[in-house]
There are 2 protein chains.
Amino acid sequence: MQIIQNPKPSEWAEVLKRPTQSVEALNTVVDEVFTAVIQNGDDALKTYTKTFDGVALDALLVSSTEIESAKAAVAPELKAAIVQAKSNIEMFHKAQKTSRIDVETQAGVRCWQEKRPIDAVGLYIPGGSAPLFSTVLMLAVPAQIAGCSSIVLCTPPNTAGKIANEILYTAALCGVTQIYKVGGIQAIAAMTFGTETINRVSKLFGPGNQYVTAAKQFATKYGVAIDMPAGPSELLVMADATATPAFVASDLLSQAEHGADSQVVLVSSCKTLINEVSKEVVEQTQRLNRKSIIEQALNNMKLIYVSDQNQAVDLINFYGPEHYIIATSDNSFFTDRVQNAGSVFIGDYTPESAGDYASGTNHTLPTNGYAKAYSGVNLDSFLKNITFQEISKEGLKNLGPTIELMAEAEGLMAHKNAVSIRLKTLNNES
Amino acid sequence: MQIIQNPKPSEWAEVLKRPTQSVEALNTVVDEVFTAVIQNGDDALKTYTKTFDGVALDALLVSSTEIESAKAAVAPELKAAIVQAKSNIEMFHKAQKTSRIDVETQAGVRCWQEKRPIDAVGLYIPGGSAPLFSTVLMLAVPAQIAGCSSIVLCTPPNTAGKIANEILYTAALCGVTQIYKVGGIQAIAAMTFGTETINRVSKLFGPGNQYVTAAKQFATKYGVAIDMPAGPSELLVMADATATPAFVASDLLSQAEHGADSQVVLVSSCKTLINEVSKEVVEQTQRLNRKSIIEQALNNMKLIYVSDQNQAVDLINFYGPEHYIIATSDNSFFTDRVQNAGSVFIGDYTPESAGDYASGTNHTLPTNGYAKAYSGVNLDSFLKNITFQEISKEGLKNLGPTIELMAEAEGLMAHKNAVSIRLKTLNNES
């Protein structure tokens with residue numbers, strides 16, 4: 001935990017430095033697994049699953065029997081919570097649908113833009129101690145709304161060869177039927193190239209450990225798109241004297257528990273608040289189960305006092321936080337000036353965990369400053385824009401000479417000729 | 001030129017194989033140039049410009065005097081054509097503006113999405129024998145509409161240290177003032193890291209040779225986004241017996257003149273048309289200035305006879321052409337079924353060159369099958385989606401228990417606690 005007073009803009013880069021994560025060192029193992037999956041398909045997937053996940057599988061596809069028993073096993077209260085979250089996420093992502101854009105740019109020249117779903121998408125859901133079923137909602141719900149015709153979900157099995165009931169329940173709830181027991185690099189390879197069992201996809205989504213991250217980056221060399229580059233999760237809270245220190249501390253801690261490399265930043269115009277938050281953080285940590293992870297993340301926590309509101313805004317936009325909480329007496333001042341952020345949480349009663357699970361916004365967001373150029377996952381992440389144009393005879397008579405002049409000036413005479421040959425026909429007609 | 005009859009779906013991959021382009025072999029030289037630019041900034045840019053472009057520059061920034069004299073030098077007719085094209089491109093891209101999406105997902109839980117410009121963007125315009133000023137329009141117009149506050153344009157100088165008048169005129173017309181005489185890998189490095197003179201950007205746009213392509217890919221490792229991965233340009237024409245062979249041939253040739261590795265494909269339900277087009281192609285080639293490039297590209301041209309319309313649609317979506325011309329008696333049949341394409345040109349009087357220059361659509365489009373997952377450049381390419389949420393006390397009372405249950409089921413107790421601590425306060429209040 002480090003308290004910094006009014007850092008100068010020239011110092012921001014150093015103060016807000018993120019933990020660097022380079023996954024290139026893993027490229028050798030990624031290459032090896034990719035080659036094996038290309039050559040041996042499902043057999044390679046099963047071999048790696050035995051090696052890395054410690055289980056010999058007969059079938060990669062989760063059976064309908066397994067899905068039914070998972071549905072029966074999830075507690076009714078949790079099911080109701082997941083259904084509620086799904087409903088909110090669905091409503092917000094459905095609202096993101098846009099209609100076709102249709103313009104006559106000049107007489108007889110009609111241009112339009114339509115969105116079409118990405119046919120085949122792959123969703124990666126990490127395994128590990130806790131089942132991240134919330135990520136299933138965040139990826140499968142917009143994929144369904146977009147109309148992706150093939151949705152493949154890969155997630156590693158446990159040593160008993162099982163997938164967590166909550167993941168299977170949520171996937172089924174979202175209408176995902178192609179669920180495969182395969183994780184890590186081999187899962188990414190399977191979705192990139194396809195195997196006997198698993199269909200290849202055009203775009204990969206979802207979080208993962210450093211191997212999965214490296215594999216997703218590597219996969220882009222083979223023509224597959226990815227949702228966004230990955231980095232450690234992060235939260236920046238802007239809080240003034242009116243904020244509640246215990247609430248701010250609870251939010252910082254919810255970020256810190258994600259991992260030892262989580263980035264946690266508080267910016268405040270109030271030194272008292274900074275002190276109170278730092279005390280609350282220490283106190284609340286004692287009562288939390290992931291204490292050792294949290295304490296490692298807190299080592300790198302920055303508490304930054306900035307006396308000037310405008311400078312605070314500049315510093316925050318310079319950082320471009322993945323999650324950005326605003327708890328001040330003038331929230332609209334900060335909200336209006338957001339330039340770079342993944343998702344913004346406004347006011348005392350909007351904790352980050354609301355967006356992580358259930359408010360309706362997506363939790364797959366740009367980290368590592370990528371918010372300066374990337375959007376978080378949204379409905380458009382599952383769609384492509386295609387443009388269309390249709391020019392009438394009259395339209396080409398109007399526009400043709402413009403095209404001819406420009407093509408000639410660029411030295412592309414065949415481009416010019418494609419217009420000239422048509423204009424000649426039209427002139428002969430009239 | 002190769003004529004193929006009714007290929008089976010299992011043969012499509014082989015028939016429609018694209019020329020592979022791997023730029024990884026260039027990574028060593030890219031790395032070297034990047035390192036030099038990081039270390040020596042403008043000095044490195046000048047050194048490489050001397051080596052690669054054969055000119056020793058005093059200043060990298062194009063001066064206002066140079067811009068003024070370029071404006072005076074461009075012929076009035078060409079200026080009028082560029083202004084016309086700009087007007088159409090502007091109208092179509094302005095129509096792509098979307099309004100904020102604002103939803104109360106449940107009582108007291110408000111979520112909204114707003115687009116904000118990418119602050120700093122970099123536009124790369126290739127040099128070479130012909131000045132590609134049309135690409136300036138395609139990138140600078142939407143960047144301006146989006147409201148990007150810093151637009152950097154890099155393009156290599158000729159051996160006299162000059163930039164083509166048409167490029168300077170067009171850039172000035174689009175309000176771009178940061179124009180630098182630097183090309184190749186060193187230009188991409190300059191925009192990625194910034195130098196004393198050139199500001200670093202968050203996203204890079206624009207075409208280029210294999211060195212530029214390699215440098216753009218490499219730059220993504222340093223946190224810069226790029227418009228899309230690049231590959232050779234391509235056109236697929238779907239034409240039936242009603243199409244005009246001379247028009248179809250002229251379009252195929254306009255694609256072929258881009259480069260020896262251009263991909264040119266005709267799909268047709270009419271064998272006579274295929275024969276006539278192939279004759280027209282040979283004839284028209286004789287009258288074109290880039291004959292030797294065209295002949296190389298034509299070696300790889302595919303003329304594919306497909307008797308069944310539905311199979312033709314499937315084959316075309318399998319390929320996912322960058323440019324797709326539809327010239328049939330039932331254009332709406334093919335238009336409605338477009339799943340994967342960059343830009344679509346409909347009818348006898350809509351040549352590809354219309355969209356390349358002036359109809360209003362963008363000409364920066366996904367090649368190499370990337371149309372399956374990527375959009376062409378559009379207004380959104382210069383914007384990010386940011387989500388916001390604001391939850392009232394009542395809202396958190398409603399949604400809080402859902403978040404608590406889900407966080408607990410994922411084993412993230414600090415996430416749960418951020419809600420619980422607030423609900424406790426609210427319960428004490430009431």
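**View 1. Strands β9 and β10 of chain B lie side by side in the predicted model**. Strand β9 (residues 234-239) of chain B pairs with β10(B) in the parallel sense over 6 bridges; two strands pair if DSSP finds at least two bridges between them. Helices (H or I, at least four residues) and strands (E, at least two) are DSSP runs, numbered from the N terminus. Within this pairing, B:L236 has B:V265 of β10(B) as its bridge partner. Strand β10 (residues 263-268) of chain B is mostly covered, with 6 of its 6 residues buried. Here buried means under 20% relative accessible area, exposed means over 50%, and partly exposed lies in between (1.4 Å probe, protein chains only). Both faces of β10(B) are covered: B:Q263, B:V265 and B:V267 are buried on one side, and B:V264, B:L266 and B:S268 on the other.

This is a predicted model in which local features need pLDDT of at least 70 and side-chain atom pairs count only at pLDDT 80 or more, while totals for chains, interfaces and linings use all residues. Residues are numbered from 1 along each chain as its sequence is written, chains are lettered from A and ligands numbered from 1 in the order in which they are written, and side-chain values use heavy atoms, with hydrogens and water left out.

**View 2. An open sheet of 5 strands in chain B carries a helix**. The strand order is β6-β5-β4-β7-β8 (chain B), with parallel pairing. At the edges stand β6 (178-181) and β8 (225-226) of chain B, each with a single partner strand, so one side of each is left without a neighbour in the sheet. Strand β7 (residues 203-205) of chain B joins β8(B) over 2 bridges, and B:K203 stands opposite B:A225 in β8(B). Helix α5 (residues 133-146) of chain B packs on the sheet and touches β4 (120-124), β5 (150-155) and β7 of chain B; contact means heavy atoms within 4.5 Å. The direction of α5(B) makes about 170° with that of β4(B). Axes are lines fitted to C-alpha atoms, for helices over the stretch in contact, and angles run from 0 to 180 degrees between N-to-C directions.

**View 3. B:A215 is a buried residue of helix α8 in chain B**. Helix α8 spans residues 210-219 of chain B, and B:A215 has a relative accessible area of 0%. B:A215 touches B:V30, B:F34, B:I185 and B:I188, not counting residues up to four places away in sequence. B:A215 and B:N27 are 188 residues apart in sequence, yet 7.8 Å apart in space, C-alpha to C-alpha.

**View 4. Helix α11 of chain A has buried residues along one face**. In α11 (residues 291-299) of chain A, the buried residues are A:I294, A:A297 and A:L298. Seen down the axis of α11(A), these residues fall within an arc of 100°, so they line one face of the helix; the arc is that of the directions from the helix axis to the C-beta atoms. The buried residues of α11(A) pack against α9 (245-256) and α10 (271-286) of chain A.

**View 5. Chain A meets chain B**. The contact takes 118 residues from chain A and 117 residues from chain B. The area buried between the chains is about 9,900 Å², of which carbon and sulfur atoms give 60%. Buried area is the accessible area (1.4 Å probe) that two parts lose on being put together, summed over both. In chain A, A:Y349, A:E410 and A:R422 lose the most area to chain B, together 9% of what that side buries.
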